[in-house]
Structures are given as C-alpha cells and as structure tokens.
Amino acid sequence: MPFVKYRGANGEWIKLGGGNVRVSNGHTWIPPRARIWNGHEWLNLLEERKITTWEAVWSEGYWGPSKGNLAHTHYNSLVRHDRLCQGNYLPYHDNFIGRQGREGGMFGVDIENMRNELQGSRIEKIEVYLHVLHSGYYSGTDIIVGAHNCRDWQDRFSQINYGVASARYYRRDQGQWITLPNWVGDNLRDGKLSGLTTYADQPDLWHYAYCAGIWDGWKKPKIRITYWK
C-alpha cells in the first residue's frame, strides 16, 4: 500500500509512491480504494495512470465557404469523402477562380465511451494521430488541428476552436502523433468538445493536404489520452 502523510500547514493529505496498487477480493486482483476527507470533498489517494486510445468512428472532408462548407458527399470531389481535407488545390477542388478555397475535415470517436472512461479523471496528456496521405508539395505540409462539439457525422463543417495545435509533415504518406493542450482533453471529458478538425485559414498550396479517414485501416485518425483516475 502507498504511504500518505499529513501536511499540517494547509491540511492537505498527499500520496507518496505506490504506483498501480492491487488488492485481492478472493478471486482476482482489483484496484483498492482509499479516500480522505479534506473538509470539502472526498479525495482519492490511490490514482492509477492509464493510457487509452479511441479510434475515429466517423470522419468527413468538407468543401469551403464557396460551396457552403458542405460535406464531400455533395458535388464531385477527387478526394474520397471520409478523408480529412485542408486547404485547396486549384483548379480541381473548392474554388475554380483562385486559390481562396478553404476545405476542412472533421472526425469523432465514441464520445460516450470516452466521457464515461474519463469521468473523474485528471488529464496528463492528449494526442491525436493524423496520417497525411497527400500534400500540395512533396516536401510536406503543416496540418492545423482544431476542435468541434458535434457528436455525430455532420453535413456541414463546424468548428469551435481553431488552431489548437499544428504539426509539420516532411513528406507525403506520413503519420504522427500530435500533442494537444491539456484543456482539449478536459473539454472532451466534460462535454464541451466532441471531436477534432483539420482546417487552415491560409489558402496557399503549402497548406493543401488531406489525411486518412475511417476507411484507411491503421492510418485512420485516433485520440490517445494519458490520465490519472
């Protein structure tokens, strides 16, 4: 069992060591429970560090404002509609009179499962896996990650937070984990956000790219959260 000590200066109990402790219930090993009253609420003294990954269960690419921010299921896109888009490649995509198209992408996970698992947790780290399949230049692109609060597939692009993180990709067909601010994990846990987006305000070719969607196997988008509970 971990040890705790009392800090008399402010009346706080803290845990020293312990790791992921287990006790037997006579049949199997289970997490123990140990709580202390701080005068306002019961505090858990035996938090465990967990890492859970949630894969995308829906994803969509979207036209930009010149086509009403509609899903790629509308019109004839050269990009398969589950793939997350960013930017515009004249003249084959969003805008046929200039590089002003700003396409986007959205994806979501099993948000109910995520919220149930994260309930009462403390977020240590949140990451998103995005796999760039194609970019305007062979030398790569910058992917701009935002956030939305739509629980299910959407017919129009929607975004609450723009540019919560960005990542440099150095070639086509490259995937990587991108670290996001912890408040994004807090808001996913607390019902203020439901998923993530790709979208760049810059209409230049450098920011044109599309990422794997839910039909791209292991390359599909994923959210990985490290948390204590």
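**Exercise 1. Which residues does arginine 168 touch, not counting residues up to four places away in sequence?**

Solution. Start with the ground rules. This is a predicted model, where local features need pLDDT of at least 70, side-chain atom pairs count only at pLDDT 80 or more, and totals for chains, interfaces and linings use all residues. Residues are numbered from 1 along each chain as its sequence is written, and side-chain values use heavy atoms, with hydrogens and water left out.

Step 1. Arginine 168 belongs to strand 13. Strands (E, at least two residues) and helices (H or I, at least four) are DSSP runs, numbered from the N terminus.

Step 2. List the contacts. A contact means heavy atoms within 4.5 Å. Arginine 168 touches Ser139, Gly140, Thr141, Asp142, Gln176 and Trp206.

Step 3. Look at two of these residues. The arginine 168 side chain reaches the backbone oxygen of serine 139 at 3.0 Å. Glycine 140 is 28 residues from arginine 168 in sequence, yet their C-alpha atoms are 7.5 Å apart.

Step 4. Check the cover. Arginine 168 has 29% relative accessibility, so it counts as partly exposed. The classes are: buried under 20% relative accessible area, exposed over 50%, partly exposed in between (1.4 Å probe, protein chains only).

**Exercise 2. Find the strands that strand 12 is joined to, and say how they run.**

Solution. 

Step 1. Recall the rule. Two strands pair if DSSP finds at least two bridges between them.

Step 2. Take strand 13. It is joined to strand 12 by 6 bridges, and the two run antiparallel. Aspartate 142 has arginine 168 in strand 13 as its bridge partner.

Step 3. Take strand 15. Here 4 bridges make the join to strand 12, again antiparallel. Valine 145 faces threonine 198 of strand 15.

Step 4. Check the cover of strand 12. Of its 8 residues, 7 are buried.

**Exercise 3. Classify the ring pair of tyrosine 137 and tryptophan 206, then that of tyrosine 162 and tyrosine 199.**

Solution. 

Step 1. Set the cut-offs. Rings of Phe, Tyr and Trp (its six-membered ring) pair if their centres lie within 6.5 Å; planes under 30 degrees apart count as stacked, over 60 as edge-to-face and the rest as tilted. The structure holds 6 such aromatic pairs.

Step 2. Classify the pair of tyrosine 137 and tryptophan 206. The centres are 6.1 Å apart and the planes make 35°, and the pair is tilted. Tyrosine 137 is in the loop between strand 11 (122–135) and strand 12 (141–148), and tryptophan 206 is in the loop between strand 15 (195–199) and strand 16 (209–211), so the pair ties together parts 69 residues apart in sequence. Tyrosine 137 is partly exposed, at 38% relative accessible area.

Step 3. Classify the pair of tyrosine 162 and tyrosine 199. The centres are 6.1 Å apart and the planes stand at 80°, so this pair is edge-to-face. Tyrosine 162 in strand 13 (residues 161–169) and tyrosine 199 in strand 15 are 37 residues apart.

Step 4. Compare the cover. Tyrosine 162 is partly exposed at 36%, whereas tyrosine 199 is buried at 13%.

Step 5. Widen the view. Ring pairs link Tyr62, Phe157, Tyr162 and Tyr199 into a cluster.

**Exercise 4. How many helices and strands does the protein have, and what share of its residues is buried?**

Solution. 

Step 1. Count the elements. There are 2 helices and 17 strands.

Step 2. Read the share. Of the 229 residues, 46% are buried.

Definitions and conventions. Polar contact = N/O pair within 3.5 Å; in protein donor to acceptor, adjacent residues only side chain to side chain.
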